[in-house]
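Please examine the sequence and the model shown below before reading on.

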Protein chains: 2
Amino acid sequence: MRTIKLILAYDGTAYAGWQVQPERTTLQGVLEAAIEKLTGVPTRTAASGRTDSGVHALGQVVTFNTESHHPVEVFQRALNAELPPDVAVLSAIEAAPGFHARRDAVRKRYRYVLYDGPVRDVFSRRYAWHVHQPLDVDAMHRAAAALAGTHDFSSFESSGAERASSVRTVYDISVRREPAPREEFLRVEVEANGFLYNMVRAIVGTLVEVGRKARPESWPGEVLEATDRSAGGQTAPPQGLFLVEVEYP
Amino acid sequence: MRTIKLILAYDGTAYAGWQVQPERTTLQGVLEAAIEKLTGVPTRTAASGRTDSGVHALGQVVTFNTESHHPVEVFQRALNAELPPDVAVLSAIEAAPGFHARRDAVRKRYRYVLYDGPVRDVFSRRYAWHVHQPLDVDAMHRAAAALAGTHDFSSFESSGAERASSVRTVYDISVRREPAPREEFLRVEVEANGFLYNMVRAIVGTLVEVGRKARPESWPGEVLEATDRSAGGQTAPPQGLFLVEVEYP
């Protein structure tokens, strides 16, 4: 039995998220169908984490076990030929037996893309959240600093998930405007040892309140301390969110 | 009677091109429907030029005449509210009476985006042509220089259009690789006083033969001199093409 590790990019627009669901088109579903077509055997895959409907990935990591003897280059090429055009296998390697994309992950980075131009950008409508007010990116960046470090992030966790603990460590969080000619796009980048359900989208929804001057820069830190989801801003919509990369020991 | 000049951006993926056609969804069709909804009067629009199915615009110019007294800001806002999310009015101004987007255009710029990474880029599948071989961008740039200036561009004109003359003046043509992290994307930019049918796509299909070393750098100049469409490379697919801007006196 071999363990294969894939790095996937996908445009999540057309999918009901990562996880297999009956009667829905999911990323896990199309990937597992492609693997079965290649190996002839139904195969369960594990991702570093689920992504929700409409959320994208630049570097999702997926593992699966197989008895197949195909070289990894063949896996990559054959899966890319089989997968739809909005999913791509960026790399395929053989991992240590038993390596698991979710359990072995030590760090993940997400990006959230905002657009604050006065007129909609037709090319980014599936890949950014259009906020119809100019955002103060420096105020958002300073406010975000309060979220760095190890905290109980309950205020940034949507209900519906059951977790042993809401404590996570944010190693890096930044808010930057992209260079010209894309200066109407902002990137929120968050790197952490793990993420609660909707955590990045709740953080972004809260930082946007600072960016549009509806709340002071001190507010996201106060929301964090409240350990209560209702204290924070809205959950930002899914289309701006990208899973950028996953790190392993 | 007033003449209104609009600058439009659109994602052409979902459209059967600019021009109104029965039973097809076209950009002119959705724009004219939006104007009629706003003014109550069926209104014919003129674009700087037609774009084909799947071709995009960053700065298409459109004019129309109207008896409406709405301020131009109201036109812009109301049209954006009415238009689908893949079309946007970037600006609306009142032009000199009788100004015409096509007849008065003196110069246009098109961009063609190529992608030569080994694995497909899921986010650019509607906005670039994926060439499955590394392209020699410097060779393409040098070869393109032969097309600058005033020439009979018959070798880069698809049949189907009837024009008085195939002579056009190319003011600027360049092939550049985008800076990191987008270094697997190339941009062909062409500025001219006018374009023949499929001219940019025929030029790109020809330059790609140089880029992938199937033809020498001297070939595009020889194709030009042949004044015969069958002498050149394939017509590049529509999804890489963007009308960037249109200039007026």
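Predicted model: local features only at pLDDT ≥ 70, side-chain atom pairs only at ≥ 80, totals over all residues.

For chain A the mean pLDDT is 96, and 98% of the residues in that chain reach 70 or more. For the complex, the predictor reports an ipTM of 0.93, together with a pTM of 0.95.

The arrangement of the two chains may be considered next. The same surface serves both copies, since 100% of the contact residues of chain B recur in chain A.

Within chain B, attention may turn to two helices, H1 (residues 27–39) and H2 (residues 72–82). Their axes come within 9 Å of each other and cross at roughly 120 degrees. An angle from 65 to 115 degrees would count as roughly perpendicular, and one over 145 as roughly antiparallel; H1(B) and H2(B) are therefore oblique to each other. The crossing of these two helices is right-handed. On the side of H1(B), the contact is made by B:Ala34, B:Ile35, B:Lys37, B:Leu38 and B:Thr39, while H2(B) contributes B:Phe75, B:Ala78, B:Leu79 and B:Glu82. Sorted by class, the residues in this contact are six nonpolar, one polar and two charged.

Most residues other than glycine have a negative phi, and most peptide bonds are trans. Where does the model depart from this pattern? In chain A, the peptide bond from A:Ala180 to A:Pro181 is cis, with omega near 5 degrees. A:Pro181 belongs to the loop that lies between strand E8 (167–177) and strand E9 (185–192) of chain A. In chain B, the bond from B:Ala180 to B:Pro181 is likewise cis, with omega near 5 degrees, and B:Pro181 is located in the loop between strands E8 (167–177) and E9 (185–192) of that chain. As for phi, A:Glu23 has a value near 70 degrees, which is positive although the residue is not glycine. A:Glu23 is situated in the loop between strand E1 (2–10) and helix H1 (27–39) of chain A.

Methods
Residues numbered from 1 in each chain as written. Chains lettered and ligands numbered in written order. Heavy atoms only, no water. pLDDT = per-residue confidence, 0-100. Contact = heavy atoms within 4.5 Å. Axes fitted to C-alpha atoms, helices over the stretch in contact; angles between N-to-C directions. Helix = DSSP H or I, 4+ residues; strand = E, 2+ residues; numbered from the N terminus. Parallel < 35°, antiparallel > 145°, perpendicular 65-115°, else oblique. Left-handed = near helix turned anticlockwise from the far one by under 90°. Nonpolar A, V, L, I, M, F, W, Y, C, P; charged D, E, K, R; others polar.
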